[in-house]
Structure formats: structure tokens, C-alpha cells
Amino acid sequence: MIDEAANRRNAALMIALLVAALYFAVRTALLLAGPGLDDPALPVHVAGLVATLGGFLALLNKSDADQRRAFLGNGVIGLPYFWLLALFLVPFLIVLKISLSDVALARPPYMPQLDLSGGWTAITDFLSELDFENFVFLTSDDLYWKAYLSSLQIAVIATFATLLVGYPMAYGMARAPKEWQATLLMLVILPFWTSFLIRVYSLMGILGNEGLLNQLLLWTGLISTPLQILNTKIAVYIGIVYTYLPFMILPIYAALEKMDESLLEAAEDLGCSRLEAFWLVTFPLSRGGIVAGCFLVFIPTIGEFVIPSLLGGSGTLMIGKVLWEEFFNNRDWPVASAVAVIRLLILIVPFILFQRSEERARQAEK
């Protein structure tokens, strides 16, 4: 019991030293990026960083082998959570704070500003000045909810179209001879070797009135006058399907490639036709890849800015374009942050509900 209590104290102390070291490391980096080497507080923070790291290493060295292994294992597991905390939760909280602020002719262009040097009084004054005025404003202007609905519509239709195109391709890759699968996989990934912006610009040359697609249709005699494809929603759908198609193919291919083909043979032996065996065996087993591919396409599509701006023209309304206008043209950071927070909630809430339904389904099967 004594050893266990001592191990717990050592682990708690090591965690505290790591947190302190992280604090001193962040403060040192901020000082180096700001005032530089001339700042008188820099040696203090460097000394604090060295001392906390030294104390952590000394405690780690005194710990027994099992505790060191457990602590290092938990540290490796905790790295992804720290990554999410640093690059997702903290930026989200910053955007949420800006969304509760008011626009101002200042730098940065919003108020209030938090000054920790003022102590607890400054913190309470800062919190009292935050409000939900920007979220109320979004409900009063139909531009924003129309942009959300239009983005959802385009994202859902484009995701479904990408699935219709990507599933047969993934199925063909999974059923191709083994010596060809690596080549086919490389061909799917090959567009990523080219800049995203260049690929979208190339579609402008293909879909324009004088583009390659209209020239081909005129040459074959299928049309007599050029079709207006560019600057329409059709062009946006084509651009999204072309750009995000690999994100749909790869997870479905991964699910189909590891499927046991003896299951199909057993289904056919039991009297199923090939089509029935596909719907009863292949399609359900590829459901995980389908869900992953749909999420990988739907999530970035709903906030897409480049494709609707270049291919859809001014008539295509999407929330990504609204965000750009608010941030860079209107310079209204609080309203733009409120738009971004609602967009993030639109993505996160269905994802959490889906995860919970899947967990309940797995528990029901057990």
C-alpha cells in the first residue's frame, strides 16, 4: 500500500512538472517570437523550463521499471489528445470568444480584450462584456440561414454523387488482379501530386463555353450550341466529385479488399444470384468504408470556398463564401466567428449522434 501511494504521488508530481514545463516552453516561445533575446523575463522562463524538465527526468529515473513503462505508455496514448487540445479545442475556444465579442475599429477588430495583468477583476469585466448579439443577428438576416441550407444541399447531393461514382471504382479495384491493384491505387492517388487550385482552374478550362467538354459535344453533334456549365451548380457538383473522389474510393477499397470472397461463394451456393449476394454480403460488409468516405467528403464540402467561387460564380451561395466576405471584405470578425461556430456545430452534432447510435447498435448485438 505504501509503495502504491508513493507511486501515485510520483505520477502526480511528474504530471505537474510536465504541465509546468509546457507552460514555461510556451512562454519562452512567445517571448522569443515577440520581444526577443533582450526581454529580461526570458532567462527566468528558460531557467523554469530547465528546472521542471530536470525534476521530471529525476523523478522518472527514481521510479521503478513498471511505473516508467506505464507513464511512458500513457504519455504516448495522450499525445493524440494533446494534439486535439492544442489544434482543435483551443482554436475553437478562441473563435467562440470572438463570436461573443463586438466589432471594433481596432487591431484586432473586436472588443473586449482580455488583460490578465488586471487580475480577477479584469477577467470578470471581460466576461460581463461578452454577449450572444452576433448569434441573434444571424437569425435576423435570411442570407445566413439560406447559405447554411444551400451548403447542406450541395454537400449532401455532392456526397451522394461521389458515392455513386466512387463505389464502382473501388469495387473494380478490389476485384482486380493483385498485380494491378497497386497501379490502380497509385492512379487514384495521382491527382494529389498536383496543386488543388491548379486542378480547379483546369476544370474552368474544361467546363467553359469554349472548353474541351463543349467542343467535344459539338464535334460529336450531340449539341448545336455550347452548354452553359461553368458558373452553375452543376459545375460545383462536378468540381466536388472530381476533387474529393479519392477520399471516397480509398476507404471503400480498404473495406472491400480485405473481404473474404468465400462468403460470396457460400451465398451463391445457398441459391443467391450474384446481385443478391452483392446486396446481402458485399454491400453490408463495405458499410464502414461507405460511412468513412461519406464523412471525408461531406465534412470539407460543406465549408468549401474555392470550388463554388471559381466554378459556381456569384449565383452559388455557400457558407464558405459568406465566411470569406465577413472576414476579409466586411472585416466583421465577430459575426464571421459566429457563422463558423454554427457551421462547426452542424458538423459535430450529427457525427456525435451517429457515433452513439452505432455504439448502441453494437451493444444490442452483444
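S286 sits in the loop that runs between α12 (274–285) and α13. This is a predicted model, so keep that in mind as you read on. The chain carries 16 helices and two strands. Its radius of gyration is 28 Å, well over the 21 Å that the globule rule gives for 366 residues, so the chain is more spread out than a compact globule.

**Overall build**

- Along the principal axes, the C-alpha atoms fill a box of roughly 80 × 60 × 40 Å.
- Out of the 366 residues in the chain, 33% count as buried.
- If you take the contacts with a separation of 6 or more, 70% of them come from residues 24 or more positions apart.

- Is S286 buried or exposed? S286 has 0% relative accessibility, and because buried means under 20%, S286 counts as buried.
- Once neighbours within four places in sequence are set aside, S286 is in contact with Y167, A255 and L256.
- One of those partners, Y167, is also listed among the residues with the most contacts inside the largest nonpolar core.

**Nonpolar cores**

- The largest nonpolar core has 30 residues, and those with the most contacts inside it are Y167, I240, I252, I307 and L311.
- Which elements give two or more residues to this core? They are α6, α8 (196–207), α10 (233–257), α13 (287–302) and α14 (306–312).
- Of these, α10 gives the most to the core, with 11 residues.
- For I240, leaving out residues up to four places away in sequence, the list of touching residues is I154, A158, L245, T301 and I307.
- There's also a second, separate core of 18 residues, and L100, F126, I319 and V335 are included in it.

**The cavity**

- The structure holds one cavity of 30 Å³ or more, and the largest cavity has a volume of about 40 Å³.
- Its lining is made up of Y148, S151, L152, I302, I319, R343 and I346.
- The largest share of the lining is three residues, and it comes from α6.
- Sorted by class, the lining has five nonpolar, one polar and one charged residues.

- With 0% relative accessibility, A336 counts as buried.
- What does A336 touch, not counting residues up to four places away in sequence? The residues are L323, E326 and F327.
- A336 and L323 are 13 residues apart along the chain, and their C-alpha atoms are separated by 5.5 Å.

**L72 in helix α3**

- L72 lies in helix α3, which covers residues 65–99.
- L72 comes out at 48% relative accessibility, so it counts as partly exposed.
- From C-alpha to C-alpha, L72 and F351 are 32 Å apart in space, and in sequence they are 279 residues apart.

How values were computed:
Residues are numbered from 1 along each chain as its sequence is written. This is a predicted model: local features need pLDDT of at least 70, side-chain atom pairs count only at pLDDT 80 or more; totals for chains, interfaces and linings use all residues. Side-chain values use heavy atoms; hydrogens and water are left out. On a 1 Å grid over the protein atoms alone, a cavity is a set of points where a 1.4 Å probe fits but cannot get out, and a pocket is an open set with protein on both sides within 12 Å along at least five of seven lines; lining residues have an atom within 4 Å of a point. Grid points are joined across faces, edges and corners, and a volume is the space filled by probe spheres set on the points. Helices (H or I, at least four residues) and strands (E, at least two) are DSSP runs, numbered from the N terminus. Ala, Val, Leu, Ile, Met, Phe, Trp, Tyr, Cys and Pro count as nonpolar, Asp, Glu, Lys and Arg as charged, and the others, Gly among them, as polar. A nonpolar core is a set of buried Ala, Val, Leu, Ile, Met, Phe, Trp, Tyr and Cys residues joined through side-chain atoms within 4.5 Å. Buried means under 20% relative accessible area, exposed over 50%, partly exposed in between (1.4 Å probe, protein chains only). Contact means heavy atoms within 4.5 Å. The radius of gyration is taken over C-alpha atoms; the globule rule is 2.2 Å times the number of residues to the power 0.38.
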